[in-house]
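Hi everyone, thanks for making time today.

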Amino acid sequence: FPLWLSPVQVKILPISEKFKDYADKVYKEISDAGIRVEVDDSAESLGKRIRTAKMEKTPFILVLGEKEVEAGTVTVEMRGAEKGVAYALSDFIKNALSDIEKKAIW
């Protein structure tokens, strides 16, 4: 599905349990903006959770770890991209909302 139609537009993956609080904060901000979001904090390895999110064709996968918590950013892996890019959370939300509104297909 394209981003605007996808049942889950953003999947948040904290690297470990100690980053769950930051993941919850990011979830709340994204959800409050009207974007469909889920947090996957299951006991599976990070690699398996990323692979699952990619198989589900989730448009945006946010990986959160110590670097992101310290900087107040999110690392975004977009569907089809090889590497994650760091964004300020507010910039990510603004860009995602813009893509959803434009019904962008990428």
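Before we start, one definition: when I say that two parts are in contact, I mean that they have heavy atoms within 4.5 Å. And please keep in mind that this is a predicted model.

Let's begin with the sheet. It is an open one, built from 5 strands in the order S2-S1-S3-S4-S5, and the pairing is mixed. Which strands stand at the edges? They are S2, residues 37-39, and S5, residues 85-88; each has a single partner strand, so one side of each has no neighbour in the sheet. From one strand to the next, the twist averages 30 degrees.

Now for the pairing itself. Strand S1, residues 10-14, runs parallel to S2, and the two are joined over 3 bridges. If you look for isoleucine 12, you will find valine 39 of S2 opposite. At S4 and S5 the pairing is antiparallel, over 4 bridges. There, threonine 75 has alanine 86 in S5 as its bridge partner. S4 and S5 also make a hairpin with 6 residues between them, and glycine 80 in the turn has a positive phi of about 90 degrees.

On to the helices. Helix H1, residues 20-32, lies across S1, S2, S3 (60-64) and S4 (73-78), and runs at about 165 degrees to S1. Helix H2, residues 46-55, packs on the sheet as well, where it touches S1, S3 and S4; its direction makes about 175 degrees with that of S1.

Let me zoom in on one residue of H1, tyrosine 22. Is tyrosine 22 buried or exposed? Its relative accessibility is 11%, and the cut-off for buried is under 20%, so tyrosine 22 counts as buried. Leaving out residues up to four places away in sequence, tyrosine 22 touches Leu64, Glu68, Val69, Gly72 and Thr73. Alanine 81, by contrast, is 59 residues along the chain from tyrosine 22, with 24 Å between their C-alpha atoms.

Next, the aromatic rings. How many aromatic pairs does the structure hold? The answer is 1. The partners are phenylalanine 60 and phenylalanine 92: their ring centres are 5.1 Å apart and their planes are at 90 degrees, so this is an edge-to-face pair. Phenylalanine 60 belongs to strand S3 and phenylalanine 92 to helix H4 (residues 89-102), so the pair ties together parts that are 32 residues apart in sequence. Both phenylalanine 60 and phenylalanine 92 are buried. Another ring to look at is that of tryptophan 4: lysine 103 lies over its face, 4.7 Å from the ring centre.

Serine 6 sits in the segment before S1, and with a relative accessibility of 4% serine 6 counts as buried. A polar atom of its side chain is 3.0 Å from the backbone oxygen of valine 8. Beyond its neighbours within four places in sequence, serine 6 is in contact with Phe1, Arg36 and Pro59.

Finally, there is lysine 57, in the loop between H2 and S3. Most residues other than glycine have a negative phi. Lysine 57 is not a glycine, and yet its phi is positive, at about 60 degrees. With a relative accessible area of 51%, lysine 57 is exposed.

Definitions and conventions
Residues are numbered from 1 along each chain as its sequence is written. This is a predicted model: local features need pLDDT of at least 70, side-chain atom pairs count only at pLDDT 80 or more; totals for chains, interfaces and linings use all residues. Side-chain values use heavy atoms; hydrogens and water are left out. Two strands pair if DSSP finds at least two bridges between them. Axes are lines fitted to C-alpha atoms, for helices over the stretch in contact, and angles run from 0 to 180 degrees between N-to-C directions. Buried means under 20% relative accessible area, exposed over 50%, partly exposed in between (1.4 Å probe, protein chains only). A polar contact is a pair of N or O atoms within 3.5 Å; within protein, one must be able to donate a hydrogen and the other to accept it, and residues adjacent in sequence count only if both atoms are side-chain atoms. Rings of Phe, Tyr and Trp (its six-membered ring) pair if their centres lie within 6.5 Å; planes under 30 degrees apart count as stacked, over 60 as edge-to-face and the rest as tilted. A charge sits over a ring if NZ of Lys or CZ of Arg is within 6 Å of the ring centre and within 35 degrees of the ring normal.
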